Amino acid sequence: MRYYISDLHFFHENLNTKMDCRGFASAEEMNEYMIRQWNSRVRSCDDVVILGDFSTGHGPQTNAILQRLRGKLYLIEGNHDRYLKDKNFDSSRFRWVKSYAELNDHKRKVILSHYPIFCYNGQYKVDEEGNPKTYMLYGHVHNTYDEVLVNQFQKLTRASKRHMMGTEEMRSIPCNMINCFCMYSDYVPLTLDEWIELDEKRREKM
């Protein structure tokens, strides 16, 4: 099974009272809760793609967290992942570290970036039934006003109709950008299908 999650920010004390307002009594309490939530879902044989900002701790602190998390881990580097440059950090827990990646997930292309990409590769592609063939997964913006702007862009784009290549048919643009922010899933890594379902439910409430 493959899972995705973003912006865990292990050790980031300020997120309990500012921006995210996560509400934990301390960074230590937050760390322990996120580890429990992760391991409640992920098995040692599962793949987990982390879409950046995994930890604000130094190398040895981050090493200790990684050793407690189940799964085969992959990292899309975020702006807060400074531990990667710490000479005492052991990067071997990650199968790879990239700034951008494209993967296949059950016959769908997944675009992976820490930052939202508004015009992503494959945005217009659909299958014979009109279902989107590409999804753009991102993080970085948490649940801030920047996420509001991303949502407004998606709503505008989906309402726009264009001629599909090779036909005279007008179709809505299948813009599918999903913020894999850890708080949306209560810090549990989710599959692509689970993120799609959660994203749809979240948009119904907007």
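Reply: Start with one aromatic cluster, formed by Phe10, Phe54, Tyr83, Phe89 and Phe94. This is a predicted model with residues numbered from 1 along each chain. Local features need pLDDT of at least 70, side-chain atom pairs count only at pLDDT 80 or more, totals for chains, interfaces and linings use all residues, and side-chain values use heavy atoms, with hydrogens and water left out.

Me: How many aromatic pairs does the structure hold?
Reply: Rings of Phe, Tyr and Trp (its six-membered ring) pair if their centres lie within 6.5 Å. By that rule, the structure holds 11.

Me: Phe118 and Phe153 form an aromatic pair; is it stacked or edge-to-face?
Reply: Planes under 30 degrees apart count as stacked, over 60 as edge-to-face and the rest as tilted. Phe118 and Phe153 lie 4.3 Å centre to centre, with 25° between the planes, so the pair is stacked.

Me: Why does Phe118 count as partly exposed?
Reply: Buried means under 20% relative accessible area, exposed over 50%, and partly exposed in between (1.4 Å probe, protein chains only). Phe118 counts as partly exposed because its relative accessibility is 31%.

Me: Which residue has its charged end over the ring of Trp96?
Reply: A charge sits over a ring if NZ of Lys or CZ of Arg is within 6 Å of the ring centre and within 35 degrees of the ring normal. Here the charged end sits 4.6 Å from the centre of the Trp96 ring, and it belongs to Lys98.
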